[in-house]
Amino acid sequence: MISREEVEHIARLARLSFAGEEFERLRHDLSQIIEYVQILGELDLSGLAPTAHAVELKNVLRPDEPRPCLAHEVAMANGPAVEDGQFVVPRIG
Amino acid sequence: MDPFTLTAHDCRELLSSGRVSATELANLYLDQIERVEGDVGAFLLVDREGALAQAAAVDAKAPADRLPWEGVPIGLKDLLCVEGMETTCGSRILKGYRPPYDATVVAKLRAAGLVFLGKLNMDEFAMGSSTENSGYHLTRNPWDLERVPGGSSGGSAACVAAAEAPWSLGSDTGGSIRQPASLCGVVGLKPTYGAVSRYGLVAFASSLDQIGPFARTVRDAAALLDLIAGGDPMDSTSLGLPGPITVPDRTDLGGLRFGIIREYLGEACEPGVRAVFDDAVAAIQSLGGVCEEVSLPSVEKGVAAYYIIAPAEASSNLARFDGVRYGHRAAGGVDLLDMYNRTRSEGFGDEVKRRIMIGTYVLSAGYYEAYYGQAQRTRTLIIEDFRRAFGAVDYLISPTSPTVAFGVGERTQDPLAMYLSDLCTIPVNLAGLPGISIPGGFAGGLPVGIQLVGPHFSEQGLLDASYALEQRLDVRSRPPIAEVTR
Amino acid sequence: MNDWEAVIGLEIHVQLATATKMFCGCPVSFGEPPNTRVCPVCLGHPGTLPVTNERAVEYAARIALALDCSIAPRTIFHRKNYFYADLPKGYQISQFDLPLGLGGHLDVELDDGSTFHVGITRVHMEEDAGKLVHAGGATGRIHGADHSLVDFNRGGTPLVEIVSEPDLRTPEQARSFLTHLRSLLQHLDVSDVNMEEGSLRCDANVSVRRRGAPFGVRTELKNMNSFRYLQRGLEVEIERQIEALEAGETIVQETVHFDPVSGRISSLRSKEESHDYRYFPEPDLVPIELDEAYVQRVRSSLPEFPAARRERLQQHYGLSPYDAGVLSANRELGDYFERVAELVNDDKLSANWVTGNLSGYLNAAGLEVGESTVTPEALAGLLRFLADGTLSGKLAKDVFQMMTESGREAADIVAERGLGQISDVGELEAMIAGIVDANPGPAEDFRHGNDRVLGFFVGQVMKQTKGQANPQLVNDLLRRRILG
């Protein structure tokens with residue numbers, strides 16, 4: 001079982017909050033899944049390079065040419081809180 | 001006209017011959033939606049007004065002036081950004097979100113003149129195999145309303161199965177097109193990774209996601225693939241296909257070799273599913289195809305590798321949902337940290353939170369090599385196994401899903417059991433290969449899909465072979481819900 | 001205090017002067033109204049994807065090569081995951097263990113002529129964050145702010161991060177290193193490198209140790225936005241660390257802030273633990289493999305650097321170290337000089353005028369070299385008049401003044417105002433003969449050894465020629481005439 005401290009730490013990193021029963025259930029599920037994926041340890045993977053992309057591409061670049069920006073109102077339209085043309089966030093303190 | 005008998009090709013023919021107007025056709029499907037949506041729940045948003053406006057624009061043109069597919073209606077998985085149209089990805093955290101842009105595939109379909117009926121239900125952020133993780137409502141399997149349609153593109157599959165649209169778009173990361181296609185008795189194709197642009201597809205697992213077609217027939221799926229495929233300057237990982245897709249018309253399978261994936265016929269596979277699969281093998285042979293068993297030992301580790309890689313990428317992709325620029329923002333946060341925690345905890349469902357936690361864990365300090373590193377190496381091994389297999393055979397075949405559609409609520413208490421239902425489909429995503437599920441028959445009255453997998457960029461051949469098999473199997477596609485009158 | 005030694009390493013962020021952002025086509029901007037240079041990609045909207053700017057890669061390669069780094073044959077982007085209001089995706093696309101450039105150096109010359117060698121650990125590419133303004137508090141800083149406002153115009157701007165080895169030992173060396181680096185970057189034309197505007201940013205890692213001891217615990221001084229503050233901030237922090245250690249305290253590894261107004265260091269340690277960035281390769285981008293041909297092309301496009309130019313100016317043109325220094329520090333001024341020197345046969349004269357008169361005029365008028373109304377060709381024209389005696393030094397200055405005001409050629413001005421120094425020997429001889437004959441008395445005085453009376457004759461010639469006679473020639477001709 002993954003420790004409570006570890007689950008709390010991971011939740012903090014992920015900006016998620018769990019309380020009470022939800023926390024315990026999550027701790028249990030997380031532990032079970034992490035335990036399951038350990039079966040990869042049965043494989044001999046030495047000498048194999050990791051694959052980041054199944055299809056190999058390289059040097060995909062774009063010319064340094066401007067494209068149209070969003071109109072300001074459109075950029076702000078989905079914003080939950082806007083002030084002076086900027087997105088408002090609660091104090092960071 | 002009976003929508004259960006119409007393919008997209010039929011719709012096109014009706015429109016171009018002038019026998020039906022685009023408005024009439026749109027209404028046909030909108031009426032069908034009216035009729036069955038109460039039971040099926042495939043849609044999150046039906047855009048009646050928008051669809052009729054698009055149809056009217058098509059009707060304003062003479063048939064001779066229209067593009068080939070103009071006026072044919074389609075449903076879009078709610079994971080695809082449509083400019084100005086609410087796009088939620090099945091999540092409460094995006095309630096009310098209206099994208100300021102069209103996904104590339106959406107722009108292509110718009111330019112081709114297709115009529116958008118609305119957005120289709122899905123497991124939240126594509127995480128799930130039953131669509132039960134939708135933050136909004138349940139989608140039910142048109143073949144048995146007490147059962148799930150599969151997931152995560154459950155709405156996209158059910159919509160086609162219930163004839164609410166002739167075809168639809170879904171996405172597939174670990175089987176999310178093929179598995180629901182199998183469970184709902186329709187055709188579903190996941191293209192080669194990179195064949196279709198992901199720009200505008202809300203990312204779940206960036207190195208695995210692909211957009212693909214659902215349709216009633218293989219020919220329709222081929223046509224829709226042709227409409228959406230192509231490299232895109234907005235997506236660095238897209239290449240497109242080697243050439244245009246021509247509508248398949250192959251009638252035999254002579255000269256082709258099919259590999260039966262041994263690892264997928266184990267005890268996880270239900271007897272009914274196995275029986276349908278065996279019939280399909282016989283059908284292939286009757287068409288002149290040669291079937292032999294192949295072994296891909298590493299695919300048994302596929303689910304484990306997937307449940308490291310996908311959550312890891314997802315945990316990062318979903319970090320942008322923080323209540324700052326769009327979507328839900330929790331009230332009452334005393335500071336930024338508090339706002340983040342509340343917003344994300346309120347907005348995300350349980351499965352999404354679970355996967356974010358798994359992903360964060362496997363990437364966290366000290367664990368990266370042991371988990372993510374191992375999983376990426378396992379991926380290399382899986383790719384090697386497939387490459388070796390394709391040295392001996394042209395296509396691989398297996399049941400798409402080890403079981404038929406399961407009951408609503410049956411697997412929701414056991415996440416790991418739910419994950420294992422993607423056993424047959426996951427490795428195909430890890431290897432980036434194209435895979436298709438076509439209706440194979442029934443077990444206990446419920447659809448069973450047959451999966452065909454080809455080498456990278458072999459979509460044309462894969463569709464051709466699938467077509468021949470589809471014609472031979474000739475599986476009926478009229479679910480009980482077709483008889484419902486309201 | 002004498003046996004304490006500081007160990008300083010710098011982390012410099014350079015904002016690239018590309019036309020567009022690192023991963024999207026929004027124009028790079030400064031000072032525009034908030035959230036007007038944004039698109040779905042740099043706002044981090046769902047479904048968007050990055051596409052790498054090819055010019056940013058080229059500029060980064062230029063920087064890496066100029067710092068003598070080796071270019072990685074395969075370089076990839078990584079995601080650096082953390083949450084902050086100015087970070088739209090919840091991660092920054094950066095580079096981790098396969099950066100573009102590794103293992104370079106920059107040699108810095110101090111005023112006393114000594115050089116010290118600073119290693120460059122790495123050079124890598126990344127994207128900038130948006131801009132946060134803290135509102136509702138008294139100071140505009142985070143503490144005491146009631147809420148914050150975010151502008152994403154800057155978000156996505158290409159950055160190159162340069163990390164130095166901890167080879168610097170004094171705040172003065174750090175400042176000197178940064179000054180040299182800035183000059184180098186200016187020569188590369190890859191950035192405005194303006195610390196006030198934020199296109200050049202510097203963080204410092206600093207620790208102290210007794211000489212010979214292993215490295216001490218280091219703190220990080222962030223966001224110093226001027227050379228002076230960098231030096232001062234380092235001085236204060238070094239002093240603080242030494243005092244603490246001498247008092248028996250330990251140094252905590254933390255981020256600190258230097259307030260130039262109060263001259264004090266304060267801790268920026270927040271409630272949270274240090275970040276776990278969970279780096280993993282960016283799956284939305286593909287590797288960049290720069291081949292030998294590309295690297296060669298970039299290398300051969302590099303301009304001559306200040307140190308090399310200074311050497312060459314001294315060797316080739318025989319300039320003094322001082323002049324060579326001035327003309328190599330500013331690339332355009334150096335280019336200007338070399339063009340003039342090409343057209344005029346007097347390098348010393350050319351150097352004097354460029355470092356003196358031209359620079360004086362540019363500074364007074366607040367102009368860059370490129371904005372000068374007097375082109376190198378025009379200045380060369382003026383200097384030719386000086387060299388051949390047509391104009392005296394004083395007149396040349398006057399003509400130059402008129403040239404800066406009007407933008408006209410020297411030849412036009414001289415002709416129009418009849419300013420050409422009279423150097424026609426025949427003409428002058430005739431005039432001098434007349435003057436000497438008319439003044440036998442003073443002529444006799446001169447013959448008897450009264451040198452000063454020559455001035456009277458020179459004055460007379462000048463009067464008649466309205467000051468345009470070549471003084472040296474007049475002198476010679478007068479002596480000849482009078483003394484026979």
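In the predicted model, strand S7 (residues 257-261) of chain B is mostly covered, four of its five residues being buried (under 20% relative accessible area, computed with a 1.4 Å probe on protein chains only). Strands and helices are DSSP runs numbered from the N terminus, with at least two residues (E) for a strand and at least four (H or I) for a helix. Local features require pLDDT of at least 70 and side-chain atom pairs pLDDT 80 or more, whereas totals for chains, interfaces and linings use all residues. Residues are numbered from 1 along each chain as its sequence is written, chains are lettered from A and ligands numbered from 1 in the order in which they are written, and side-chain values use heavy atoms, without hydrogens and water.

S7(B) pairs in the parallel sense with strand S8 (residues 290-294) of chain B over five bridges; pairing requires at least two DSSP bridges between two strands. B:Arg257 has B:Val290 as its bridge partner in S8(B).

Chain C contains an open sheet of nine strands with mixed pairing, in the order S3-S6-S7-S10-S1-S11-S12-S13-S14. Strands S3 (70-71) and S14 (264-267) of chain C each have a single partner strand, so one side of each lacks a neighbour in the sheet. Within this sheet, S7 (residues 115-127) and S10 (residues 158-164) of chain C are antiparallel and joined by seven bridges, with C:Val123 bridged to C:Ile162 of S10(C). Helix H1 (residues 54-66) of chain C packs on the sheet, touching S3, S6 (101-109), S7 and S10 of chain C, and its direction makes about 165° with that of S7(C). Contact denotes heavy atoms within 4.5 Å; axes are lines fitted to C-alpha atoms, for helices over the stretch in contact, and angles between N-to-C directions run from 0 to 180 degrees.

Helices H10 (residues 393-406) and H11 (residues 410-417) of chain C pack at about 115°, with their axes 10 Å apart. The contact involves C:Val399, C:Met402, C:Met403 and C:Ser406 of H10(C), together with C:Ala410, C:Ile413, C:Val414 and C:Arg417 of H11(C).

Definitions and conventions:
Buried means under 20% relative accessible area, exposed over 50%, partly exposed in between (1.4 Å probe, protein chains only).
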